[in-house]
Amino acid sequence: MTSDIRSWSLWGRKFTSPVMLASGTAGFGLELLERGSLAGTAIVVSKATTLEPREGNPPPRLVETRFGLLNSVGLANPGVDAVMENILPSAAMLPCPLIVNVAGKSEREFAAVVDRLEGSSIPFGYEINVSCPNVAAGGVAFGASPETVDRIARMVREVTDRPFSVKLTPNEGSLTESARAAEEGGANAVTVSNTYLGMRIDWRTGKPLLHRSVGGYSSPAILPMTVARVFTVSSCVDIPVLASGGATCPEDILELLAAGAAMVQVGTRVMRRPDAAAELLTGIKNFLEETLS
Ligand SMILES: Cc1cc2nc3c(=O)[nH]c(=O)nc-3n(C[C@H](O)[C@H](O)[C@H](O)COP(=O)(O)O)c2cc1C
């Protein structure tokens with residue numbers, strides 16, 4: 001699916017910005033709303049929500065690298081019931097739509113979480129995270145198998161009429177086959193993709209810097225990998241591709257749109273600079289005006 005880099009829409013809705021806030025880097029958008037930092041944001045994607053509360057991995061779970069960030073947060077969240085009771089009612093104040101990112105440790109858990117979330121009018125849609133590299137059960141294993149992706153998508157489709165994207169893994173399996181499986185299973189978009197497995201070691205002690213040893217690497221350095229994957233996947237599915245990975249400046253976003261993305265998610269950049277979306281949008285508009293007018 002190809003798109004016009006000057007017009008931005010998703011699931012029948014037009015947006016004045018192509019910038020989405022990536023899951024796990026902006027909470028549910030509420031802290032950013034309080035700070036007045038949501039200008040320029042088209043859509044907030046929430047932190048992962050699971051059936052039960054999860055503490056995530058023990059610290060240290062963030063390590064800065066020369067070029068980016070290695071994280072092993074591990075889907076820490078208060079669980080879907082607390083999200084329904086305490087968070088989603090406040091999310092009604094957001095000036096933009098909210099997509100709820102959903103994770104699970106079994107194939108059935110994704111649909112079970114979505115089923116609970118259906119009790120709220122707030123979610124614009126869902127992002128089914130079959131690609132988290134930071135959990136022992138599930139995570140990467142789900143997204144690596146097209147058959148599993150297909151089954152999970154079908155189970156989610158059965159419990160909701162709302163649109164959903166499947167967030168695929170760049171780490172294992174065939175991204176194109178998993179993207180096709182998501183589409184066939186009823187997904188309305190694919191998110192391409194997630195962090196890359198990485199590790200840092202203190203050579204003096206021989207010990208890993210992250211408690212869980214490995215984590216997910218995000219940084220401007222992964223942009224070319226995302227461009228390649230968005231380019232390939234967008235030519236083999238008819239549903240929108242949401243780019244995620246390495247976008248930190250306006251030209252990165254324009255490049256990902258040119259590669260075929262419908263919208264672009266920004267993660268690590270927002271952690272470093274919470275009001276990044278407004279700056280990015282201004283830059284995008286300036287580049288488009290200078291270059292394409
Ligand atoms: C601290 C942190 C937490 C994250 N948590 C989630 C998560 O809960 N669910 C998810 O699908 N992706 C999660 N991600 C992945 C991001 O949404 C995004 O796909 C990834 O960081 C690549 O984009 P970036 O280079 O713009 O950061 C997380 C990333 C970071 C850095």
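**Salt bridges.** I counted a salt bridge where a side-chain nitrogen of Lys or Arg lies within 4 Å of a carboxyl oxygen of Asp or Glu. I worked on a predicted model, in which local features need pLDDT of at least 70, side-chain atom pairs count only at pLDDT 80 or more, and totals for chains, interfaces and linings use all residues. Residues are numbered from 1 along each chain as its sequence is written, and side-chain values use heavy atoms, with hydrogens and water left out.

By this rule I found eight salt bridges. I looked up R6, which pairs with D4 at 3.3 Å between the closest N and O atoms. For accessibility I took buried as under 20% relative accessible area, exposed as over 50%, and partly exposed as in between (1.4 Å probe, protein chains only). D4 is partly exposed, at 38%.

I next looked up R116, whose salt bridge with D81 has its closest N and O atoms 2.8 Å apart. This pair links distant parts of the chain, 35 residues apart: R116 is in helix α3 (residues 107–117) and D81 in helix α2 (residues 80–91). Helices (H or I, at least four residues) and strands (E, at least two) are DSSP runs, numbered from the N terminus. R116 has a relative accessibility of 39% and counts as partly exposed; D81, at 38%, is also partly exposed.

**Largest pocket.** I used a 1 Å grid over the protein atoms alone, where a pocket is an open set of points at which a 1.4 Å probe fits, with protein on both sides within 12 Å along at least five of seven lines; lining residues have an atom within 4 Å of a point. I noted 39 lining residues, with S23, G24, T25, K47 and N71 nearest the centre. Helix α9 gives the most to this lining, with three residues.

**Ligand.** I listed 26 residues around the ligand (a heavy atom within 4 Å), the closest being S23, K167, S244, G246 and T268. For polar contacts I took pairs of N or O atoms within 3.5 Å. A polar side-chain atom of S244 lies 2.7 Å from a ligand oxygen. For the side chain of N129, an N or O atom is 3.1 Å from an oxygen of the ligand.

Note on methods
A polar contact is a pair of N or O atoms within 3.5 Å; within protein, one must be able to donate a hydrogen and the other to accept it, and residues adjacent in sequence count only if both atoms are side-chain atoms.
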